[in-house]
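Hi everyone, thanks for coming. I'd like to take you on a short tour of a structure that may be new to you.

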Amino acid sequence: MIKHHKNFASDLIAPHQVDVWVPGTIIPGECLPVLYMQDGQNLFDPAHAYGKVDWGVDEAITRLVHTTRSRGAIVVAVWNNAQRQREYMPLRPMKNPTARHLLDQFTAREKGDPLGELYLRFIVAELKPFIDSHYPTLPDQPHTFIMGSSMGGLISAFALCEFPHIFAGAACLSTHWTIGGMPMVEGIGSQLPPPGQHRLYFDHGTEGLDADYAPFQERMDVLLQERGYTPDVDLMSLKFEGATHNEGAWRERVHMPLEFLLT
């Protein structure tokens, strides 16, 4: 079941459409984990998806429920809007003097400062209370996750820096590190919570925009392992040879981050 909330109002940022998918496998009285996802129009329906290819998230979670012990999750799909680049761009890591020129370039190109912190506050302070009061959720931190690709992956990683008490895990597919370079990697890597109560999934391909991501992701992996994150336990970082930067590529592997977060 998908319910559409058009023009979900906010006091912090512009309105967004929000689609909420509840698994058909849910039983009466059952409450489920919640997965907040960026670029929501790309997740369920090819008619709305970029390139007319959707991620098939509903199908992937349904398969996960049938093939594992996972209960699945309610998916809160936040559509992007004209402010996508600004809303998915963290500001705080770019305040480092070494990143100032990159921030200036971004601000000039997008005609405004990053809004990433405000976007995350919208999710946590405005959207999440609504979801928890209208849907059968498990609202606590161990059952709340966030996920996205490209810039959506970047803001999902940053969500664990800003709200580690809200989110237990983040999945970041083809994270667009290049927009902030190593200062962004170092800034987020140093601010992510210590291991123990969180899971982090990263991946990237080798073609298109993804071809430039490897050195940045490798540095993030080192930072996290130095802090005590353990590969295949609370950290997963994968490279997909030949995969490019689009919905079709993410659809092919979306089952992997879902399984990592939800089982």
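**A tyrosine and its neighbours**

Let's begin with Y119, which touches I13, H16, Q38, V78, E87, Y88 and I155, leaving aside residues up to four places away in sequence. Before going on, please keep in mind that this is a predicted model. Where does Y119 sit? Its place is in helix α4, which covers residues 116-134. Is Y119 buried or exposed? Its relative accessible area is 0%, so Y119 is buried, the cut-off for that being under 20%. One more distance for this residue: P90 is 29 residues away along the chain, and the C-alpha atoms of Y119 and P90 are separated by 9.4 Å.

Now to a pair of helices. Two packed helices are described by the angle between their axes and the distance between the axes. Here, helix α5 (residues 151-162) packs against helix α6 (residues 181-191) at an angle of about 35°, and their axes are 8 Å apart. The crossing of α5 past α6 is left-handed. Which residues meet? From α5 we have L154, A157, F158 and C161, and from α6 we have M184, I188 and Q191. Sorted by class, that contact has 6 nonpolar residues, 1 polar residue and no charged ones.

Next, some backbone angles. Most residues other than glycine have a negative phi. D39, though, has a positive phi near 50° without being a glycine. D39 lies in the loop between β3 (34-37) and α1 (57-67). A second case is D232, also not a glycine, with a positive phi of about 70°. The loop that holds D232 runs between α7 (214-226) and β8 (235-240). Are these two aspartates buried or exposed? D39 has a relative accessible area of 6%, so D39 is buried. D232 has 62% relative accessibility, and therefore counts as exposed.

Last stop: the largest pocket. How much space lies in it? About 230 Å³. Its lining is made up of 15 residues, and those nearest the centre are Y50, R84, H245, E247 and W250. Two helices, α2 (84-87) and α8 (247-253), each supply at least two residues of that lining. By class, the lining divides into 4 nonpolar, 8 polar and 3 charged residues.

Methods. Residues are numbered from 1 along each chain as its sequence is written. This is a predicted model: local features need pLDDT of at least 70, side-chain atom pairs count only at pLDDT 80 or more; totals for chains, interfaces and linings use all residues. Side-chain values use heavy atoms; hydrogens and water are left out. Axes are lines fitted to C-alpha atoms, for helices over the stretch in contact, and angles run from 0 to 180 degrees between N-to-C directions. Helices (H or I, at least four residues) and strands (E, at least two) are DSSP runs, numbered from the N terminus. A crossing is left-handed if the near helix is turned anticlockwise from the far one by less than a right angle, and right-handed if clockwise. Contact means heavy atoms within 4.5 Å. Ala, Val, Leu, Ile, Met, Phe, Trp, Tyr, Cys and Pro count as nonpolar, Asp, Glu, Lys and Arg as charged, and the others, Gly among them, as polar. Buried means under 20% relative accessible area, exposed over 50%, partly exposed in between (1.4 Å probe, protein chains only). On a 1 Å grid over the protein atoms alone, a cavity is a set of points where a 1.4 Å probe fits but cannot get out, and a pocket is an open set with protein on both sides within 12 Å along at least five of seven lines; lining residues have an atom within 4 Å of a point. Grid points are joined across faces, edges and corners, and a volume is the space filled by probe spheres set on the points.
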